[in-house]
Amino acid sequence: RNKEYHKFYSLTQNVVEREKFVLMKEKMALADNLIKNKQFNEAFNTLIDAKNLIPNDAEIFNYLGIVSIELKKTPLEVYTFFEKAVLLDPKNRGYKENLYLAKKKLEK
């Protein structure tokens, strides 16, 4: 009944998907360190690599939105990343707040 449990259980059954997931998590950790060190271009590229491994992970899209703000990308691009995060995880309040703030910026 638990979606998260089934998601991770299915990963254990498929070696290729499990390895992609592990690599994605490693790239997310690297991106987090790059963000902390204000290396936003490198972080953005690392997040894109993570997205290419697991294309439907809301956390990746949320991070892409955050890094896009730091890189001063267009408000539409920032909004698009946050929108995708909310579509993938509609119950996450943090993602919804980021989308709301991006929408306000887009309306200006």
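**View 1. Helices H2 and H4 of the predicted model.** The axes of helix H2 (residues 15-36) and H4 come within 12 Å and cross at roughly 20°; axes are lines fitted to C-alpha atoms, for helices over the stretch in contact, and angles run from 0 to 180 degrees between N-to-C directions. H2 and H4 are therefore roughly parallel to each other (angles under 35 degrees count as roughly parallel, over 145 as roughly antiparallel, 65 to 115 as roughly perpendicular and the rest as oblique). Their crossing is left-handed, a term used if the near helix is turned anticlockwise from the far one by less than a right angle. Met24, Lys25, Met28, Asp32 and Ile35 of H2 make the contact with Glu59, Ile60, Tyr63 and Val67 of H4 (contact: heavy atoms within 4.5 Å). Helices are DSSP runs (H or I, at least four residues), numbered from the N terminus.

The model is predicted: local features need pLDDT of at least 70, side-chain atom pairs count only at pLDDT 80 or more, and totals for chains, interfaces and linings use all residues. Residues are numbered from 1 along each chain as its sequence is written, and side-chain values use heavy atoms, with hydrogens and water left out.

View 2. Leu47 counts as buried because its relative accessibility is 0% (buried: under 20% relative accessible area; exposed: over 50%; partly exposed in between; 1.4 Å probe, protein chains only). Beyond its neighbours within four places in sequence, Leu47 is in contact with Met28, Ala31, Ile60, Tyr63, Leu64 and Val67. Leu30 lies 17 residues from Leu47 in sequence, with a C-alpha to C-alpha separation of 9.0 Å.

View 3. Val78, Tyr79, Phe81, Phe82, Ala85 and Val86 are the buried residues of H5. Seen down the axis of H5, these residues fall within an arc of 160°, so they line one face of the helix; the arc is that of the directions from the helix axis to the C-beta atoms. Leu76 and Leu87, on the other side of H5, are exposed. The cover over the buried residues includes helix H3 (40-53), helix H4 (58-70) and helix H6 (93-107).

**View 4. The pairing of H5 with H6.** The axes of H5 and H6 come within 9 Å and cross at roughly 155°. H5 and H6 are therefore roughly antiparallel to each other, and their crossing is left-handed. Among the H5 residues that meet H6 are Tyr79, Phe82 and Val86; the H6 residues in this contact include Tyr95, Leu99 and Leu106.

Note on methods
Helix = DSSP H or I, 4+ residues; strand = E, 2+ residues; numbered from the N terminus.
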